[in-house]
Amino acid sequence: MQQRLTIKQLEILIPTIGKTLTPIIQSEAGCGKTSLLKAIEKKLGDKYDYIYVDCPVKDMSDIAMTIPNHETKTLESYVGSLFKLDNDKPKVILLDEFMKSPKLLQVIFTRLMLERTVGDTPLPEGSIVFGTSNNQADGLGDTMLAHAGNRVCIIEMQKPEVEDWLVWATENGVNPLIRAFVHTFPRVLASYRDSGQEDNPYIFNPKKPMLSFVSPRSLEKASVIVDNRDKLGDDTTMVALSGTIGASASADMSAFLRLEKELPTFTDILEKPETTNMPDSISAQLMLMFQAVDKIKQQSDLTAFMKYINRINSSEIQAIFFTMMMRNTKSVKIARGNKEISDWAVENFNIM
């Protein structure tokens, strides 16, 4: 099996080689390929213009057109404003779903990938070009001419690991119940190409086609449903979840939503950390931890919550909260200066 790179590795590779060699990033649907453009923008800053090209829905007029010059009686090429070539700033161009482009546009985009030229107009010096596509074996209509494929760098992207996705989800406001669900059911982020996943009921599998399945993308989309579950009601919530993450995942998540109603309030935990009820279920404990990562804003809150979770008998379960606090860019600033966190780390260094 071809080796795959992580999103973090691709964030380094694309700016490094993308000025002269075009990477084409392939993965299963909904794994975060398109988000690479935002990640690179965050890394490189305003030195570049960042341009997203939704290849399957573009036509020739979006890229370039020939316009008559009546004085010279010739045709001149005018480039579409999409590429922002009215300034000399270097560009970072994402050709999203490149292999689903109409064949004529694939020829145009191939020149862009090989020569860094749009129509007859060269990109500014230092511009970066990369593309994305689904795996050709997934049966989603992704094709590329062999001679063109031999001129680019085709790389498979690995689906995110559970811990990496949880960090991303926390920083991007995904509902804590969904995060707890993913931690409890890590198979939802497995790949059908991995061994032992032939009967995985949650994920995309081209041999068992279905429109609704679990992916990093659909989990994020499901967040708005869970956020509004009280307004929607139980039946509507379940139907909406089933249509977003699939029937198997929504059925298992329904148990989480019922369990959430039995949890102590965050206010009670902070006010009475040593006496507030501690649920026996690991799933319930995870829910409280993921909620806490979102809600803790000051040292006193973190100190109180640490007193609460120190009552959990398993240091491995406690470590989940510690890891989330330390890997989250917002909460780590509070965690680093907290005595309860420091004491816990010293006592449990052997499991970190």
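Predicted model: local features only at pLDDT ≥ 70, side-chain atom pairs only at ≥ 80, totals over all residues.
**Entry 1: α6 and α15**

I began with a pair of helices. Two packed helices are described by the angle between their axes and the distance between the axes. I looked up helix α6, residues 162-171, and helix α15, residues 315-327. Their axes lie 10 Å apart and the packing angle is about 60 degrees. The crossing of α6 past α15 is right-handed.

I then listed who touches whom. From α6 the contact takes Glu163, Asp164, Leu166, Val167, Thr170 and Glu171. From α15 it takes Thr323, Met324 and Arg327. I sorted the residues of this contact by class and got four charged, three nonpolar and two polar.

**Entry 2: α7 and α11**

Next I took helix α7, residues 176-184, with helix α11, residues 247-260. The two axes cross at roughly 120 degrees and come within 10 Å. That angle makes α7 oblique to α11. I recorded the crossing of α7 past α11 as right-handed.

On the α7 side I found Leu177, Ile178, Ala180, Phe181 and Thr184 in the contact. On the α11 side I found Ala249, Asp252, Met253, Phe256, Leu257 and Glu260. By class, the contact of α7 with α11 holds eight nonpolar residues, one polar and two charged.

**Entry 3: α7 and α8**

Leu177, Ile178 and Val182 of α7 meet Leu219, Ala222, Ser223 and Val226 of α8. I counted six nonpolar residues and one polar in the contact of α7 with α8, and no charged ones. Leu177 and Ile178 had already come up in the contact of α7 with α11.

**Entry 4: the loop at Ser212**

Where does Ser212 sit? I placed Ser212 in the loop between α7 and α8. I then checked Ser212 against Gly246, which is 34 residues away along the chain. Their C-alpha atoms are separated by 4.6 Å. Leaving aside neighbours within four places in sequence, Ser212 is in contact with Ser242, Gly243, Thr244, Ile245 and Gly246.

**Entry 5: the largest pocket**

I moved on to empty space. Rolling a probe the size of a water molecule over the atoms shows where empty space is left. The largest pocket has a volume of about 1300 Å³. Its lining is made of 35 residues, and the closest to its centre are Ile7, Glu11, Ser35, Trp168 and Asn172.

Which helix gives the most to the lining of the largest pocket? I found that α6 does, with five residues. By class, I noted 17 charged, nine polar and nine nonpolar residues in the lining of the largest pocket.

**Entry 6: the cavity**

How many cavities of 30 Å³ or more are there? I counted one. The volume of the largest cavity is about 40 Å³. I listed the residues that line the largest cavity as Arg4, Ser27, Glu28, Asn135, Glu156, Met157, Lys159, Ser191 and Arg193. This lining has five charged residues, three polar and one nonpolar.

Definitions and conventions. Residues numbered from 1 in each chain as written. Heavy atoms only, no water. Axes fitted to C-alpha atoms, helices over the stretch in contact; angles between N-to-C directions. Helix = DSSP H or I, 4+ residues; strand = E, 2+ residues; numbered from the N terminus. Left-handed = near helix turned anticlockwise from the far one by under 90°. Contact = heavy atoms within 4.5 Å. Nonpolar A, V, L, I, M, F, W, Y, C, P; charged D, E, K, R; others polar. 1 Å grid on protein atoms, 1.4 Å probe; cavity = no way out; pocket = protein on both sides within 12 Å on 5 of 7 lines; lining within 4 Å. Points joined across faces, edges and corners; volume = space filled by probe spheres on them. Parallel < 35°, antiparallel > 145°, perpendicular 65-115°, else oblique.
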